[in-house]
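Here is a short report for a first look at this structure.

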Amino acid sequence: MTLMRGVVSSGVAVIAVLASSAVSLSADDSDVIERGRAVFHAAWVPPGAANEFTGLGPVFNTDSCASCHVDNGRGAPVRADDRANTSLVVKFAARDNGGGADTIRRYGNRLNYRAVTGVPAEGELTVAFETIEGRFADGERYALQKPVYGFDKLGNGAVAKDTLVAVRMAPPIAGLGLLEKVPEDWIKARAAANGASGGPVKGRPNAVWDSINFRMTLGRFGWKADTPNLTRIIAAAFITDMGLTSRLFPLDNCGEMQSACKASAAPSRIEVDDATLDAVTQYVALLPPPPPRIDADSERGRALFASTGCISCHVPKVPVMMADGKTSEIAPYTDLLLHDMGDGLADGMPEAAATGREWRTAPLWGLGLARCTPDRAGYLHDGRARNVSEAILWHGGEAAQARHAFARLDAQQREALLKFLDGL
């Protein structure tokens, strides 16, 4: 086995560096990937405009993929009184057909901040923060910020109080194609080992419906591993964020009571055809993960990462099956399993078989790059953690022991561990 180390770039020429060890690219393949790159960075416009990329709306959050995934990275984190942060997806769901069902009739299953001319925008997300203070074992103080969400300028009535509301930040996308190559047997074996152990970590795969291959399979993508493959998660982003329909999501996200939205939508119109969706999927699949920036001074942090128990879920060496049938290794620091992370991070929103307390282990490769772009330095599913230390301190449930071990480290040990994570 060899450990694959990608390079960071958006260009097709450099994408081919990764592709050369995974697939054999023909000239036609390169043309498709270049097309996918163009679509990913294009600014879409509403129907009827004299533009190649038409179909935006009727309700939407942003007009391009790249506006959320800047440099293929994560979205902008939640900030106080963000209101219309296009990197944040707001999901609605009903609890036992209660008032949440009324919210979905009013807004669909997503809140969209923007709309085309003639269609009312749905509203804005508001956020305030509660402060949770604590101390490390050595006495140093810390403060976590817990977001409290609300809504303003709602265009179609109030959000019912018992509506399930989940806020999710756009995740980084580099390296996703390699995660799609992780064998199911390895993921299942990790889950079985968790179940057989006497420890607190009991990760399990999410069971999801694959609407492309028409079968139940393992979820790999999304904050709760609720999506089985790249094609579907990209199609979902098109409809959720830009209101662009495809074969997988042929209907615009209009609630039953949104008459202007429904009137503007064309049920028979597919705005992202299969060839375009495939091109974007191939482009994203070949985005290489960021190369690690770990040196000899990082070894102490690496040892602490293992001794505190972080390695139980954030697995550093993961196998992938390449196009030539050979097995290689990648270093994503994930097991792709769901873990109960406790009440602190729970939002109550189920996703396929995942409960409201379970989250997929987030890959850590490229973690330190967010810090290099200040407006992207937010961590966890909604960006509440302002730095990696805060993200660790939010861990609970199955990860509570690892969090306590981190909190017991002295200042120099914490610095060494965080430096190691910064270099991934």
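## Aromatic pairs

Rings of Phe, Tyr and Trp (its six-membered ring) pair if their centres lie within 6.5 Å. Planes under 30 degrees apart count as stacked, over 60 as edge-to-face, and the rest as tilted. This is a predicted model. It holds 10 aromatic pairs.

One of them joins Phe305 and Tyr333. Phe305 belongs to helix H9 (residues 299-307). Tyr333 sits in the loop between strand E11 (327-330) and strand E12 (338-340). The pair therefore ties together parts that are 28 residues apart in sequence. Both Phe305 and Tyr333 are buried.

Elsewhere, ring pairs link Trp44, Phe53 and Phe238 into a cluster.

## Charges over rings

Two charged side chains come next. Lys224 lies over the face of Trp359, 4.1 Å from the ring centre. Arg414 places its charged end over the ring of Phe136, at 3.8 Å from the centre.

## The second largest pocket

How much space lies in the second largest pocket? The volume is about 440 Å³. The lining of this pocket counts 25 residues. Pro147, Tyr149, Val165, Ala346 and Asp347 lie nearest its centre.

Strand E6 (141-152) and strand E7 (164-169) each supply at least two lining residues. E6 gives the most, with 5 residues. By class, the lining has 14 nonpolar, 7 charged and 4 polar residues.

Methods. Residues numbered from 1 in each chain as written. Predicted model: local features only at pLDDT ≥ 70, side-chain atom pairs only at ≥ 80, totals over all residues. Heavy atoms only, no water. Helix = DSSP H or I, 4+ residues; strand = E, 2+ residues; numbered from the N terminus. Buried < 20%, exposed > 50% of the residue type's maximum accessible area, 1.4 Å probe, protein only. Lys NZ or Arg CZ within 6 Å of the ring centre and 35° of its normal. 1 Å grid on protein atoms, 1.4 Å probe; cavity = no way out; pocket = protein on both sides within 12 Å on 5 of 7 lines; lining within 4 Å. Points joined across faces, edges and corners; volume = space filled by probe spheres on them. Nonpolar A, V, L, I, M, F, W, Y, C, P; charged D, E, K, R; others polar.
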